[in-house]
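Have the viewer open as you read.

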Amino acid sequence: MLSAAVLVSLAVNAACGEPTPVVERLHTTLIEVMKEAQHLNIDARYDKLKPVLEDSFDFERMISAAAGSYWTGADPQDRQRLLDAFVRLSVMTYAARFNGFSGERFETLGERPGPRNTKLVDTRLIRTDADPVSITYVLAESNNNWRIVDVLLDRSISELAVRRSEYNTILRKGGINELAATLDSKAAQIREG
């Protein structure tokens, strides 16, 4: 368990506009939730993860990129409904995935410039029962704060690109409200297990 001084230091560094501490704070929380998972049901994990994920990720930027012109053409209420559904599904997905601990740890490998004024934070998840998983976080600056706008697995598979492709079919069929309903339904399915 990290000391309060280390956690305060991570929070201060994240607030000062550095990308790597944003990722490290996220990782610290994920490991804590994994270690406590045997005592936390999915709703409790969701509640612990939500504030940190909302601070770490720029969910609005992510869903607007994934929805494209459907986002820009939507009214503010429909955008908010879609954003809320996207956040719910994203947090519920993390709550479901990080449901136990068997010695895993995250390792930060470094930070480098990315395309279009982004920063890339290269990390990996060290697992005791399988090969490490390479995770690159793409962070963009907004209002002097760095936030995650995409996650690349094995330095190539963009979660945002996968979502954009998946969401495009739903958007073409039923528009932004259909996508919001679909995301809410997926979050409910994950919650029910």
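Is threonine 29 buried or exposed? With a relative accessible area of 11%, threonine 29 is buried, a label that means under 20% relative accessible area, while exposed means over 50% and partly exposed is in between (1.4 Å probe, protein chains only). Before going further, a word on where this comes from: the model is predicted, local features need pLDDT of at least 70, side-chain atom pairs count only at pLDDT 80 or more, and totals for chains, interfaces and linings use all residues. Residues are numbered from 1 along each chain as its sequence is written, and side-chain values use heavy atoms, with hydrogens and water left out.

Threonine 29 lies in helix H2. Labels like that one come from DSSP runs numbered from the N terminus: helices are H or I runs of at least four residues, and strands are E runs of at least two. H2 covers residues 19–36, which is 18 residues. From its first C-alpha to its last it reaches 27 Å, close to the 26 Å expected at 1.5 Å a residue (the expected span being 1.5 Å times one less than the number of residues). H2 is mostly covered, too, as 13 of its 18 residues are buried.

What does threonine 29 touch, not counting residues up to four places away in sequence? The answer is Lys48, Leu49 and Val52, where contact means heavy atoms within 4.5 Å. Those three also turn up among the H3 residues that meet H2, so let's look at that pairing as a whole, keeping in mind that two packed helices are described by the angle between their axes and the distance between the axes.

H2 and H3 have their axes 10 Å apart and pack at an angle of about 175°. That makes H2 roughly antiparallel to H3. The axes are lines fitted to C-alpha atoms, for helices over the stretch in contact, and the angles run from 0 to 180 degrees between N-to-C directions. As for the wording, under 35 degrees counts as roughly parallel, over 145 as roughly antiparallel, 65 to 115 as roughly perpendicular, and the rest as oblique. On the H2 side you'll find Val22, Arg25, Leu26, Thr29, Leu30, Val33 and Glu36, and they meet Arg45, Lys48, Leu49, Val52, Leu53, Asp55 and Ser56 in H3. An α-helix has 3.6 residues a turn, so residues three or four places apart point the same way. By class, the contact of H2 with H3 divides into seven nonpolar, two polar and five charged residues. Here Ala, Val, Leu, Ile, Met, Phe, Trp, Tyr, Cys and Pro count as nonpolar, Asp, Glu, Lys and Arg as charged, and the others, Gly among them, as polar.

H3 (residues 42–56) also packs with helix H6 (residues 76–97): their axes come within 8 Å and cross at roughly 120°. H3 and H6 are therefore oblique to each other. In this contact, the H3 residues include Ile42, Tyr46 and Leu49, and the H6 residues include Val87, Val91 and Tyr94. The residues of the contact of H3 with H6 are 10 nonpolar, no polar and four charged.

The axes of helix H4 (residues 59–67) and helix H7 (residues 159–192) come within 8 Å and cross at roughly 55°, which makes H4 oblique to H7. Met62, Ile63, Ala65, Ala66 and Ala67 of H4 make the contact with Leu160, Arg163, Arg164, Tyr167 and Leu171 of H7. That gives eight nonpolar, no polar and two charged residues.

Now for the strands. Aspartate 122 is in strand E2 (residues 119–126) and, at 6% relative accessibility, counts as buried. Leaving aside neighbours within four places in sequence, aspartate 122 is in contact with several residues, among them Arg112, Thr136 and Arg155.

Alanine 140 is found in strand E3 (residues 133–142) and is buried as well, with a relative accessible area of 6%. Its contacts beyond four places in sequence are Arg61, Thr118, Asn145, Trp146, Arg147 and Val149. Alanine 140 is also 7.0 Å from asparagine 117, C-alpha to C-alpha, though 23 residues separate them in sequence.

Asparagine 117 sits in the loop between strand E1 (105–113) and E2. Its phi is near 65°, a positive value in a residue other than glycine, and asparagine 117 is exposed, with a relative accessible area of 72%. Asparagine 144, in the loop between E3 and strand E4 (145–153), has a positive phi of about 65° although it is not a glycine. Asparagine 144 is exposed, with a relative accessible area of 57%.
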